[in-house]
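Trainee: Could you help me look at the charged pairs in this one?
Mentor: Gladly; here it is.
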Amino acid sequence: MSLHIPLAFASLLLAVQVHAAEREWLPYRKLVDVIKLDKFDALPPAERDKVILYAKLVPVNKTLSPLDAGLVVVDGASRTPLPLDAGGRARMVLNPQWMAHDAQIWTSLPKGEKMRMGFDLGAVLPETTQWRYASVMGAIPQTNAAIGKVAGALSLFVPTLKSVIFKFDKPAQLTIKAAGGDKRYASDAQHHVRLKLDDDMLKENPLVEVSMRPLEAEIDE
C-alpha cells in the first residue's frame with residue numbers, strides 16, 4: 001500500500017520542519033542600533049549617497065560559515081530572508097515598518113552559537129566601466145564625515161578611512177586619465193586594486209576607466 005501526499009501539503013510539511021529548526025535571535029531594532037542604521041538614514045541624502053552601509057554578522061564558532069546563519073526577519077506572518085555573503089555582510093536599508101512592528105530576526109544556528117555584530121562600508125559604483133574620480137573616491141570624505149555625526153564620541157575609536165579597494169573576479173586594470181598623464185593600476189593576486197584618496201585628484205576629478213566593472217568597492221583605512 002503506497003501513500004501519496006499532495007505536493008502542496010508535502011511542501012508545507014517541509015516548511016514547518018525548516019521553521020522548527022529556527023530560533024529567535026535578535027530584535028531588528030537591536031541590529032539597527034548596533035550599526036547606527038537609523039542615524040545613518042537620518043543624514044541628508046547628499047551626505048550619504050556615495051556610501052553603502054553593511055551589517056557584518058560572523059559566527060563566533062569559526063567552524064561555522066556566515067552562510068550557516070540562515071537569518072530571516074519575522075514581522076507577524078511575514079518572513080523576509082536577510083541573506084549574508086561569504087564575509088557575513090548584508091546590505092542594510094532602514095525598514096520603518098519593521099521598526100514600528102518590533103520585528104524579530106530568527107536564525108537557524110544551533111542554540112548556544114553566537115554571532116559577532118559590526119558594520120562594513122562600501123562605495124556606490126556606477127553601472128558603467130567609466131566614471132569621474134570624485135563620484136566614487138568622494139565616498140571617503142563623505143564616510144569620514146558621516147561617522148563623525150553618526151558615532152559621536154565613539155568616532156574617536158574609528159580609524160580615518162583613506163582608501164577604496166576595488167574587487168574584481170579576475171585580473172583587471174584601473175586607469176586614471178589625469179591631466180599629467182595616465183596612472184595605471186593592475187590588480188593584485190586577489191584581483192583587488194587599492195586606491196588611496198588623492199586630494200589633488202579629487203579636485204581635478206579626472207575620468208577613471210576599468211577593464212571590467214568591479215564586483216564591489218570597499219572603503220578601508
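Predicted model: local features only at pLDDT ≥ 70, side-chain atom pairs only at ≥ 80, totals over all residues.
Trainee: How many salt bridges does the structure hold?
Mentor: There are 10 of them, where a salt bridge means a side-chain nitrogen of Lys or Arg within 4 Å of a carboxyl oxygen of Asp or Glu.
Trainee: Which residue does K167 form a salt bridge with?
Mentor: K167 pairs with E218, and their closest N and O atoms are 2.6 Å apart. K167 is in strand 9 and E218 in strand 14, so the pair ties together parts that are 51 residues apart in sequence; strands here are DSSP runs of E, at least two residues, and helices are runs of H or I, at least four, numbered from the N terminus.
Trainee: Is K167 buried or exposed?
Mentor: K167 is buried at 17% relative accessible area, and E218 is buried too, at 16%. Buried means under 20%, exposed over 50%, and partly exposed in between, using a 1.4 Å probe and protein chains only.
Trainee: Switching topic, what does K149 pair with?
Mentor: K149 forms a salt bridge with E47, at 2.8 Å between the closest N and O atoms. K149 sits in helix 6 and E47 in the loop between helix 3 and strand 2, 102 residues apart. K149 counts as exposed at 52%, whereas E47 is partly exposed at 28%.

Terms used:
Residues numbered from 1 in each chain as written. Heavy atoms only, no water.
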